[in-house]
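Here is a quick tour for anyone meeting this structure for the first time. Have a look at it, then read on.

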Amino acid sequence: MIEAILLTIITAATPLVIAAIGELVTERAGVLNLGVEGMMIMGAVCAFAGSYLTGVPLFGVLAGILGGALFSLLFGFLTLTLVTNQVATGLALTLLGLGLSGQLGESFVGIPGVKLSPIVFPVLSDIPFIGPLLFRQDITFYLSIALVIGVNWFLFRSRTGLKLRAIGDSHGSAHALGINVIRTRYLAVMFGGACAGLAGAQLSLVYTPQWVENMTAGRGWIALALVVFASWRPLRVLIGGYIFGAVGILQLHAQAFGVGIPSQFLSMLPYAVTIVVLIIISHNRRTTLINTPACLGKPFVPDR
Amino acid sequence: MKKLIIALAATAAALSGFVSGAQAQEKTKVCFVYVGTKTDGGWTQAHDLGRQELQKALGDKIETPYLESVPEGPDAERAIERMARSGCAMIFTTSFGFMDATVKVAQKFPKVKFEHATGFKAAENLATYNSRFYEGRYIQGQIAAKMSKKGLAGYIASFPIPEVVMGINAFELGAKSVNPNFKLKVVWANTWFDPGKEADAAKALIDQGVDILTQHTDTTAPMQVAAERGILAFGQASDMIAAGPKTQLTAIVDTWGAYYIKRTKALLDGTWKSEQVWDGLKDGILTMAPYTNMPDDVKAMAEETEAKIKSGELHPFTGPINKQDGSAWLKAGEKADDGTLLGMNFYVEGVDDKLPQ
């Protein structure tokens with residue numbers, strides 16, 4: 001039973017972690033993209049289409065990543081090249097994504113999808129308890145873990161990561177040092193889009209293998225909130241995502257078990273607990289301020 | 001933030017409704033406001049099929065603009081009002097949560113006719129219509145009791161409103177008529193539409209040992225989980241057999257078309273009056289999807305019950321029935337009146353859950 005619960009938690013937490021880690025990189029570069037929900041739903045519909053049309057779910061994953069990245073390019077063009085307001089553009093991106101995905105996916109409604117098959121590690125997957133949890137998962141789970149570790153290394157241990165953070169903290173200084181601010185930001189935005197697309201692919205290929213309009217149901221917004229509450233630290237995103245997933249699943253079990261606590265209260269718990277925990281681990285205001293990208297959401301026009 | 005976006009979306013959708021409706025002014029406009037998307041595979045899809053039937057039957061005289069994904073709450077009022085302003089002669093608002101919004105807009109537009117689904121507030125120009133879903137749920141309960149090896153079913157519920165509580169009770173009563181010890185576990189998803197959460201609720205119930213699943217939420221995700229885990233399940237609002245060909249026992253299928261045609265005809269010939277309609281299996285406002293994945297004797301039992309409900313011989317809420325705490329509710333042979341059913345806020349004996357108040 002515990003194993004079954006943990007498996008459900010992993011499935012619920014994975015899309016949040018993936019989408020949030022992508023947005024974290026975008027925001028570290030100083031760009032606030034509120035279009036996560038829209039990019040995620042575009043990823044979901046592209047992934048379902050890719051899987052259904054080719055018959056190979058793995059192509060669906062690729063299609064989801066590509067769909068999300070291409071869709072974010074639109075945001076990049078508007079906010080970085082045309083220097084539109086990032087908040088408004090991000091909101092518009094979400095609206096557009098929700099509408100466009102509904103249109104694109106109209107013919108896929110009601111078709112049962114194919115679930116992405118797990119990648120089984122030989123020997124390791126036979127370890128009792130840990131094996132099925134960690135070594136008999138689909139590719140999106142492995143990618144989510146790899147992304148967190150990779151992004152953590154990239155941001156704080158690599159030279160390019162240092163440049164990216166420099167751009168997020170002071171794009172003027174970075175520009176003066178000869179770093180190409182716009183190009184880096186484009187790449188960061190597209191990385192965020194690709195991650196959101198991958199998260200969407202997880203929804204339509206693993207979580208609930210089907211296409212339904214609005215199937216993200218607000219998960220993009222939760223991912224956005226996770227980035228802030230994790231104070232832009234990758235490992236905290238992982239912790240936050242799993243706490244949110246875990247409390248969300250456990251409250252359903254508590255109901256089924258019959259603990260007699262009002263379900264409205266239980267439904268609220270994942271939000272409340274995640275916020276409280278992340279506030280506690282990031283209570284040091286000084287380090288939080290250091291971690292907050294100083295140029296977040298500010299437009300940048302390179303002077304000659 | 002999300003609310004704001006939904007509001008913007010609703011406004012944008014309403015505006016597009018204007019545009020599409022502006023082309024043919026001579027036709028009477030019969031409008032629809034949906035809570036979900038018309039392709040959700042469940043509740044809203046059933047209403048949209050009804051609308052399409054209406055369009056087909058009376059398409060030369062009317063047009064049927066609709067708004068999708070209108071959230072319940074203040075935004076609903078804005079969306080319905082926009083519909084009214086755009087020249088709709090009659091507006092069907094198809095979610096319980098649109099009730100107060102519909103009442104308010106109906107006051108502002110006395111010449112427009114309003115029809116609100118599943119609510120209980122009526123006015124001169126506001127009729128209500130509802131379906132006796134509980135009749136189908138009673139049949140489901142009987143089937144569940146026959147098919148469950150453990151005598152334990154799981155129920156994915158949306159919000160603790162009378163409609164849903166009534167369904168849970170009817171299911172339990174049907175099950176108990178076959179197996180007096182039948183138990184029912186309930187999980188409140190607190191949403192009508194969230195495939196992921198509905199799937200999570202289904203998994204939680206299955207992990208807690210239920211071997212039959214039924215749902216009062218709108219997507220096919222729980223059916224899909226049931227199919228994956230190899231247990232049986234019931235569909236909701238639309239026939240969900242595609243999501244579980246070897247899983248679905250039957251489904252309560254809402255067939256609103258006949259009602260929509262009847263009311264629109266009344267509007268056109270000027271005989272429309274505000275009524276409070278509560279139709280059931282016998283009126284064809286709900287039907288049972290084919291009984292599948294069960295042995296013949298269970299199927300025969302289900303068909304017999306269905307016939308008895310249609311003929312009026314059987315009322316699911318007939319005493320003796322005790323409330324959850326064991327206190328008496330209905331005496332032997334006593335039938336629950338509609339008012340009590342429509343305001344139902346208590347469980348019957350055997351439901352293994354604490355009702356959120």
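Predicted model: local features only at pLDDT ≥ 70, side-chain atom pairs only at ≥ 80, totals over all residues.

## A helix tucked away in chain B

How enclosed is helix H8 (residues 221-229) of chain B? Seven of its nine residues are buried, so the rest of the structure largely encloses it. The buried ones run from Ala221(B) through Pro222(B), Met223(B), Gln224(B), Val225(B) and Ala226(B) to Ala227(B). Just past the end of H8(B) sits Gly230(B), with a positive phi of about 75 degrees.

## Two helices packed together in chain A

Over in chain A, helix H11 (residues 234-257) packs with helix H12 (residues 263-281) at an angle of about 160 degrees, and their axes are 9 Å apart. Because of that angle, H11(A) counts as roughly antiparallel to H12(A). Their crossing is right-handed.

Which residues of H11(A) and H12(A) meet? On the H11(A) side they include Arg236(A), Gly240(A), Ile243(A), Phe244(A) and Val247(A). On the H12(A) side, Leu266(A), Leu269(A), Pro270(A), Val273(A) and Val277(A) are among them. Sorted by class, this contact of H11(A) with H12(A) has eleven nonpolar, seven polar and one charged residues.

## Where the chains touch

How many residues of chain B are in contact with chain A? There are 36 of them, and they touch 39 residues of chain A. Helix H1 (2-21), strand E8 (183-188), H7 and H8 of chain B each give two or more residues to this side. H7(B) gives the most, with nine residues.

The model scores ipTM 0.90 and pTM 0.87. For chain B the mean pLDDT is 90, with 93% of its residues at 70 or more.

Where in chain B does pLDDT stay under 50? That happens over residues 14-24, for which the model has 15 contacts beyond four places in sequence.

How values were computed
Residues numbered from 1 in each chain as written. Chains lettered and ligands numbered in written order. Buried ≥ 20, exposed ≤ 12 C-beta atoms within 10 Å, placed from the backbone. Helix = DSSP H or I, 4+ residues; strand = E, 2+ residues; numbered from the N terminus. Axes fitted to C-alpha atoms, helices over the stretch in contact; angles between N-to-C directions. Parallel < 35°, antiparallel > 145°, perpendicular 65-115°, else oblique. Left-handed = near helix turned anticlockwise from the far one by under 90°. Contact = placed C-beta atoms within 7 Å. Nonpolar A, V, L, I, M, F, W, Y, C, P; charged D, E, K, R; others polar. pLDDT = per-residue confidence, 0-100.
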